Structure formats: C-alpha cells, structure tokens
Amino acid sequence: QLVESGGGLVHPGGSLTLSCAASGSIFGAFAIYDMGWFRQAPGEQREWVATITSRSSTTYSDSVKGRFTISRDNSKNILYLQLNSLRPDDTALYFCNGPLIRLKTPQYGYWGQGTQVTVSS
C-alpha cells in the first residue's frame, strides 16, 4: 500500500513537503527499491517527476530540477518530496510509486490515491 500526504494550497513561490508511506509485504524490502514521484495535472497524462535509487542517487525531470528534492527514510519506509519555488504549472495530483524499473517505470500497476498540490495566488 502507498499512502501519499502533505499536499495543499500554496501561493506561487511557496513550499510543501509530501510524504509517502509504503506498507505491506512488497515493501518489506523497501530499502532495496528504486522509488519515485509522479504527478498528473488536470486533463494531462501522468508524468514522472523524480527518482531516488536504493543507493540514494537522485534524478529529476527537467521541469522540477533545482526546485524539488526527493529523499527517503528506509527505517520508516517513507518517501519524501520537498517542493520549493512552486509555480502554478506544478498544480497536480502527486503520486509515489515503486519499485521502479529503469528508474521511471513502476514495476506494478498499483497506484495510491495521491495528494493534491494546488499553486495559486
């Protein structure tokens, strides 16, 4: 199970921290999985945002590089996404997923409910 939280309404330039709690038998091996964040804006397809590998290497989409930071706490099976310098085009439903294949593709088709981020003045 993947449960995202931490979304909300924020002004442009603001910040948020998203969390994703991973539980269940699959995530007993959370620490060895590459994990990622994705987002889906209204009327758009879901897109990849960021990945953190099992060795804590990180990679980001061009649209968020330098503004967002992905991290993980393997002792708690939690994935984080720090969102800074938010823009209106960051408005979307944000999801976590993993394990990932080739850094960007979820191995399983399961998605959580996501957490809504709305950036508006």
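Mentor: Start with Cys-96, which is buried at a relative accessible area of 0%; buried means under 20% relative accessible area, exposed over 50%, and partly exposed in between, with a 1.4 Å probe and protein chains only. This is a predicted model, in which local features need pLDDT of at least 70 and side-chain atom pairs count only at pLDDT 80 or more, while totals for chains, interfaces and linings use all residues. Residues are numbered from 1 along each chain as its sequence is written, and side-chain values use heavy atoms, with hydrogens and water left out.

Cys-20 is also buried, with a relative accessible area of 0%. A disulfide joins Cys-20 to Cys-96, with 1.8 Å from S to S; the term stands for a pair of cysteine sulfur atoms within 2.5 Å. The two cysteines lie 76 residues apart and link distant parts of the chain, Cys-20 in strand 3 and Cys-96 in strand 9. Strands here are DSSP runs of E, at least two residues long, numbered from the N terminus. The link of Cys-20 and Cys-96 is right-handed, with 55° about the S-S bond. A search of the whole structure finds 1 disulfide.

Now the surroundings. The largest nonpolar core has 27 residues, and Trp-37, Leu-81 and Tyr-94 have the most contacts inside it. Such a core is a set of buried Ala, Val, Leu, Ile, Met, Phe, Trp, Tyr and Cys residues joined through side-chain atoms within 4.5 Å. Among the strands that each supply at least two residues of this core are strand 3 (16-22) and strand 9 (92-97). Strand 3 gives the most, with 4 residues.
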